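Hi,

Here is the structure I said I'd pass on. Have a look, and then read on for my notes.

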Amino acid sequence: MLKLTDVTVNYASFTAIKHVNIEVAKGELVVLLGANGAGKSTTFRAISGISKLSKGEIHFLGIPIGGRAPDKNVREGIVQCAEGRKLFPQMTVQENLKMGAYVHRKQKGEIKHSLEYVYHLFPILKEKHHDEAGSLSGGQQQMLAIGRSLMSKPKLLMLDEPSVGLAPLIVEQMFQVIEEINREGITILLAEQNANAALSIADKGYVFENGEIVVQGSARDLLANDEVRKAYIGA
Amino acid sequence: MKILTKRNAIIASIIFAFSFPLIAQNDYYLHMLTLSFIWAIAVYGINLLSGYTGYLSLAHAGFFAIGAYSLGLLTVKAGLNFWLALVCACLITCVIGLLIGLIALRTKEHFFAIYTLCVGYIIYLVIDKWEGLTEGVRGLIGIPAPGNIGPITFDTAASQYYLVLTFLLAVILVVYRIVRSLTGRTYMAIRNSEDLAQTIGISTMKNKLTAFVLSTFFAGLAGALYASFIRFIGPDIGSTSIMFDLLMYLLVGGIGTLSGPLVGTLLLVILSQNLQFLQEYRMLIFGPLLTLIIIFYPRGIAGAVFDWQSKRKDKQLPNVRAEIHIKAEEG
């Protein structure tokens, strides 16, 4: 479904990621592991079209999408849920969600349908749909950010560190929901530092270090891999 | 039953505005208010771009001048009917705005402000130096007053006041509708974070450009009304000092708010008229006032009122708030 071939991204003279090869099949849940600054977010920015590729190509559903405008990518079904629960803090919960359906703004019926789906996934958002997004707690903000991404009806959902800064109990709920979204048929690319939790729900994973993929394999293999255990699980 | 609701306050202000010519003792006050309404239209334009979309433009006095000169030249030199010239003036401003926007919007933040400042100055210079077209420093004289609409004429101060007031109300209504629609929220999303707006599928360039062109439309409309109201225009109306006056009205009233442009313009125009006797020393009052407002009320007077209202609401509903907080922590 998604294929990155030899992708390199430079920020001015600094190389953020180099020679990245990733393959994601339809319906899979793939995790990108790595420390801060290892290149996970840059990979996401490259896929969604915000950062330009210096080298390589990205194929989505068999079509090359390197250099395509981000809004076109969202219309075609690639959506990114940015790191750090970036919301529109002055807008209400419902307004935030409706912004997520921007590419479907003419289909009022579909928006209503997606809205119900998101409220079904996160009932707390329905309860608070009139509150300002900025007034929500950390976990709720993350739910809203994920919900807003789902409003665009993605085929591929990219989640950038959804567990960062959340209480352990909330993190557990969050991963349950991510699994549920994946079961409904949405392909998921998940960037995480919480390797244990991420690998427990993933099909396969890639480990980033200094902008390069150093280890890759099935989730089970990675969980058993000594290097990965040492670096990310601490056992 | 509360009498002091927002709705009633708006209705009362509109009634007051319409009855003002009956109350006012002399034409001087009418003249002053009409002029400040014209400035307010331009400030609404700047607010749409700088307040809601987050792109601080310093070229809008230039667009104001383009609107004014288009109307002036079309009526004086081409002999066009006022209403047709008004429509053309707005269109000309929009077309020039579109071309400039295409280039200017490739820059961001302070670079955008500096770039548009230069554009504004270039527009001023073109008007000042192109004597063959604009008459240069001599200015354009004898611009006709607004033409009749059927039996309605616009030759008295009161009738011109009503004309400009109608335009102002229409502009406020249009801006209100934009800001409250998905389009307005799209602009705010861009102000919030362009990257984030892109990740949810907003074509930021297209939306920034429409915001830019719309805001030049309002500046051009204000300029055209100014030309037919004052009936003489010189290159000075496109100068940077006018630009900073407009910006000051916006900042004092409240950038990114609906009532800010009107409040700021009325307050400062009336204040500066009443401080005429101080001449240039007026700036000794405005300078510190502006600094204080920016430090303590970054969203101006309108923003300060909102904050005060929401604080009061918080006090009125302590129990409900506490409940929400408990729930939030549980969730």
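Where is the place of A:H19? A:H19 sits in strand β2 of chain A (strands, E, of at least two residues and helices, H or I, of at least four are DSSP runs numbered from the N terminus). Its phi is near 50 degrees, a positive value in a residue other than glycine. With 15 C-beta neighbours inside 10 Å, A:H19 counts as partly exposed (20 or more other C-beta atoms within 10 Å is buried, 12 or fewer exposed, partly exposed in between, with C-beta atoms placed from the backbone).

Before I go on: this is a predicted model, where local features need pLDDT of at least 70, side-chain atom pairs count only at pLDDT 80 or more, and totals for chains, interfaces and linings use all residues. Residues are numbered from 1 along each chain as its sequence is written, with chains lettered from A and ligands numbered from 1 in the order in which they are written.

A:A12 also has a positive phi, about 50 degrees, without being a glycine. It lies in the loop between β1 and β2 of chain A, and is exposed, with 5 other C-beta atoms within 10 Å.

Now the sheet: six strands of chain A form an open, mixed one in the order β6-β7-β8-β3-β9-β10 (two strands pair if DSSP finds at least two bridges between them). β6 (78-81) and β10 (212-218) of chain A are at the edges with a single partner strand each, so one side of each has no neighbour in the sheet. Further in, β3 (29-33) and β8 (187-192) of chain A run parallel, joined by five bridges; A:L29 has A:I188 as its bridge partner in β8(A).

Cheers
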